[in-house]
Amino acid sequence: MDVVDAHCHIISEDQARYPRAPIGGKQSAWAESRPVTAAGMVTRMDEAGIGQAVLVQATTAYGYDNSYVLDSTRSRPGRFVAVGTFDPLRPDAADILANAVGGGGLAGVRLFTSGSTVPTQGEWFAAPETYEFWRRAGELDTTVCLQMRLGAATKQLRQVLERFPDVRVLLDHIGYPDIAASPARAGADVAELAQHPGLFLKLTHRNLERLYDAGGAAADFLEPVVAAYGADRIAWGSNCPAAEQSLPELLRLAEDVLAVLPEDARQAIFAGTARRLYPGLTGEGA
């Protein structure tokens, strides 16, 4: 089966060339305890049978300095595309975006609003100061990964999707829905957002582990979500090495949970959607 990993991270061993500068000032634990270089990621991909991957900037290691994912993509253009962390609040954000995704080498950008090194939820991604960024992202046909938690910031997500319907927003980790508490309720909440055609979902181990634990009840989440979005708006990403499991184990986890879906749906989730979101993934890297 053709597989694209839509969400993995790399960390360089060369801290002089690629100094650490995490958002929030504190480096994530995984970046210190189990870093993986670009070369190491290729080895892991080969072990798992993954042809290509999206290198998502390790924000909790490098902040807004996207040098390592860019350099790694340029040295292995058949295997990787790069998604860099971006600051849409800068007054010149729209022009910087145009340069970054044009000759700058980025296949897309990511807005990082919460996490282990950013303790408070941020709704700034929908502030008026970001409007020019979102408008230009739509004009440039650029996929914007949004790392946020559904709940307090769902209102702001809706505002962005309604104001800028031409923008593709890829929701990292599906916005961390509370599948463990109630797969059915979480599925209904996520499915309801599918009315916004620009919203895509990134399914990772953070969701898949909860679905695996739910057993048969996982269908209460998967069925309404896949029905509402269609598999062509859902992409799988491993989150390696932020996830503790090996890359082959992460792929097997996804295969096990998604085995209930038809083959064409699984092929879309494991590769097709990522290739639509990032045209630089030509399928020639395997």
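Predicted model: local features only at pLDDT ≥ 70, side-chain atom pairs only at ≥ 80, totals over all residues.
Mentor: Residues are numbered from 1 along each chain as its sequence is written, and side-chain values use heavy atoms, with hydrogens and water left out.

Trainee: What makes Arg-168 buried or exposed?

Mentor: Buried means under 20% relative accessible area, exposed over 50%, and partly exposed in between, with a 1.4 Å probe and protein chains only. Arg-168 has a relative accessible area of 16%, so Arg-168 is called buried.

Trainee: Which polar contact joins the side chains of Arg-168 and Thr-143, and how do you know that it counts?

Mentor: A polar contact is a pair of N or O atoms within 3.5 Å; within protein, one must be able to donate a hydrogen and the other to accept it, and residues adjacent in sequence count only if both atoms are side-chain atoms. The Arg-168 and Thr-143 side chains are joined at 2.9 Å, and Arg-168 also reaches the side chain of Asp-141 at 2.5 Å.

Trainee: Where is the place of Arg-168?

Mentor: Arg-168 belongs to strand β6. Helices (H or I, at least four residues) and strands (E, at least two) are DSSP runs, numbered from the N terminus. Strand β6 covers residues 168-171, with Arg-168 and Leu-170 buried on one side and Val-169 and Leu-171 buried on the other.

Trainee: How do you know that β5 and β6 pair?

Mentor: Two strands pair if DSSP finds at least two bridges between them. Strand β5 (residues 143-147) and β6 have four bridges, in the parallel sense, so they pair.

Trainee: What makes the β5, α7 and β6 unit right-handed?

Mentor: A crossover is right-handed if, with the strands pointing away from the viewer, the path from the first strand over the helix to the second runs clockwise. The β-α-β unit of β5, helix α7 (residues 154-163) and β6 is right-handed, so its path runs clockwise in that view.

Trainee: Why are β1 and β8 said to stand at the edges?

Mentor: The open sheet has eight strands in the order β1-β2-β3-β4-β5-β6-β7-β8, with parallel pairing. Each of β1 (4-8) and β8 (234-236) has a single partner strand, so one side of each is left without a neighbour in the sheet.

Trainee: Why is a set of residues called a nonpolar core?

Mentor: The name applies because its members are buried Ala, Val, Leu, Ile, Met, Phe, Trp, Tyr and Cys residues joined through side-chain atoms within 4.5 Å. In the largest core here, of 83 residues, Phe-125 and Trp-134 touch the most other members. Helix α11 (residues 247-258) gives the most to this core, with seven residues. Another core, of 15 residues, lies apart and includes Cys-145 and Phe-200. In soluble globular proteins, nonpolar side chains tend to be buried together.
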